[in-house]
Amino acid sequence: MIINAEPSRRAWWLLAPAGLIYSAAFLMPLALVVIYSFARFKGGVTEFGFFLDNYRSAISDGFVLPVLWQTMRLALFVTLACLVLGIPIAVQLRRCRPRARLLLMFLIVSPILTSVIVRNVSFLLILGKFGLINQALQWLGIVSAPVQLLYNRFAVIVGVVHVYLPFMALPAYASMSAIDPRMEESAANLGASRLRVFLSVTLPLSLPGIIAGATIVFILAMGIYVTPVIMGGGFVVTTPMIISDLVRNQYNWAQGAAISVLLLAVIGVLMAGLSRIRLRHAR
Amino acid sequence: MQDDYLVARNPLLLAATCAIGFFLSAPLLILVIESFTAENHLGFPPAAFGLRWYRHIIQPGSWLETAGRSVLVAAIVAPLAVATGTMAALAIERGPARWRSTLYTLLISPMILPHVVLALGFFRLVLMLNADDSYAAICVAHLIISVPYIVITVSASLQSLDRSLEEAALNLGASEWRAFLHVILPALIPGLVAGAVFAFIESFDEFIITFFITTFRLTLPIQIFNSLAYQLDPSVAAVSSAALAMTMLLTVCLLLRGQLVAAGRIVR
């Protein structure tokens, strides 16, 4: 009763440690990004103020916007691949027996718990010039010389999908497991084929989870840095790579900050749009 | 009580799941197999097996220092993250409903935000404080990455906790602190253990912010990343496998304790 009543003062001091950490490592850094994005970088010196130079050059230099567009396309491909691979997993998770479900769950959750770098290294061993796939192809006599599988967009997509698949499969499973199986059963009893039941009962009812998963995957994929660097070998450039290069190699914080703000803006717009779609479906 | 419709076999679906499961697990299995090569190069299958490269990586001055640092940082970060995240989750779950969803969104947003943007801002702040390359900066950076996971798991457990137990304790004269210690905390423990494991692994694997703020005091993921710029020699496979073994061991512990579901909840 005591807790239920007034918002007790206790509740607020419990937020103190989190408040400290979030201001130091989240709110202040974000504020600095915004401040720097309006600064001006000239001759190695950063001049503060309200300048739009960085935004202007980001939009007009013919490099930043195409890369942002490329990053969005990459994220879109990753999301589509996650949809194609994640939905069957979700369906199967719902159907399996508890023991098998645990094993499958382990397979799906383990990518979140393994380092992205470790997983990229493992893909270098598979897709590389002397990697498993090339050796198998040569051994089978399908190709005579190693095929270039690494250091292109395909490799990056494979690597990123491996990392983000759980973020698609688990929300999809969550909303699928909430569906009453009797709905599907009655559709089947009324003569619908399995595919028809899936397409017109299961899929629409699990759409909220699928949209949530797709949103998260898309947003996370917009921020990828490690995988394109390791598996793209310089042939795939993403917006986070430009930001990192500007700051770490050119010391042009202002320009990097402005591109960061643009990236955040794109993500914000996408999130707002997708959550509106989700709300419409929830109704 | 599962019905026939859901249980009926579907070979196509089963085959698809197996293929996807293979896609998820095969690369890591191959990494581990290749790490036991006794040759000078990586190649599958290795012509000879041995512990040669594992002996190589435990020599002083190669990988031990960074690996030790990564474990140390993760061991500092995990309990701090659990404490911070649990307190925050209690505050938002037991606080006024008006602020609940705003605070919750704010607390979990570091998960979704591109980490490169956070890294840029945090690096700037750390440079201003002359704290780059310091343990404090690394730990704070890792905390901001791992606290959201704890907030999610703990709020979920708090929501499923029967509120009347807590109220009963308070009505019977227990102080708020005592009610927390004897009623809420025991119910939260499984979730906290899972959260601590998650926080440890998140910190152990964190890359981009640490990459920005360190130059000499590297952590393991960064040393692996840097070594990839030269050539992929078997010691990288051995180090990666060792790191993988550690995180997998922790994951299996979660699995055996039946808490993987709690971990799965994180991405919902």
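**View 1. Packing of helix α13 of chain A against helix α6 of chain B.** In this predicted model, helix α13 (residues 239-248) of chain A packs against helix α6 (residues 115-128) of chain B at an angle of about 15°, with the axes 10 Å apart. Axes are lines fitted to C-alpha atoms, for helices over the stretch in contact, and angles run from 0 to 180 degrees between N-to-C directions. Helices (H or I, at least four residues) are DSSP runs, numbered from the N terminus. The angle makes α13(A) roughly parallel to α6(B); angles under 35 degrees count as roughly parallel and those over 145 as roughly antiparallel, with 65 to 115 as roughly perpendicular and the rest as oblique. The crossing of α13(A) and α6(B) is left-handed, a term for a near helix turned anticlockwise from the far one by less than a right angle, clockwise being right-handed. A:P240, A:I243, A:S244 and A:V247 of α13(A) meet B:V116, B:L120 and B:F123 of α6(B), contact being defined by C-beta atoms, placed from the backbone, that lie within 7 Å. This contact has 6 nonpolar, 1 polar and no charged residues (Ala, Val, Leu, Ile, Met, Phe, Trp, Tyr, Cys and Pro count as nonpolar, Asp, Glu, Lys and Arg as charged, and the others, Gly among them, as polar).

Residues are numbered from 1 along each chain as its sequence is written, and chains are lettered from A and ligands numbered from 1 in the order in which they are written. Local features need pLDDT of at least 70 and side-chain atom pairs count only at pLDDT 80 or more, whereas totals for chains, interfaces and linings use all residues.

**View 2. The contact between chain A and chain B.** On chain A, 82 residues are in contact with 75 residues of chain B. Helix α2 (residues 16-37) of chain A gives the most to the side of chain A that touches chain B, with 13 residues. By class, that side of chain A has 64 nonpolar, 11 polar and 7 charged residues.

**View 3. Helices α9 and α12 of chain B.** Helix α9 (residues 176-205) and helix α12 (residues 234-256) of chain B pack with their axes 10 Å apart, at an angle of about 165°. The two helices are therefore roughly antiparallel. α9(B) and α12(B) cross in a left-handed sense. From α9(B) the contact takes B:A194, B:V197, B:F200, B:I201 and B:F204, and from α12(B) it takes B:T247, B:L250, B:C253 and B:L254. Of these residues, 8 are nonpolar, 1 is polar and none is charged.

Key
Two residues are in contact if their C-beta atoms, placed from the backbone, lie within 7 Å.
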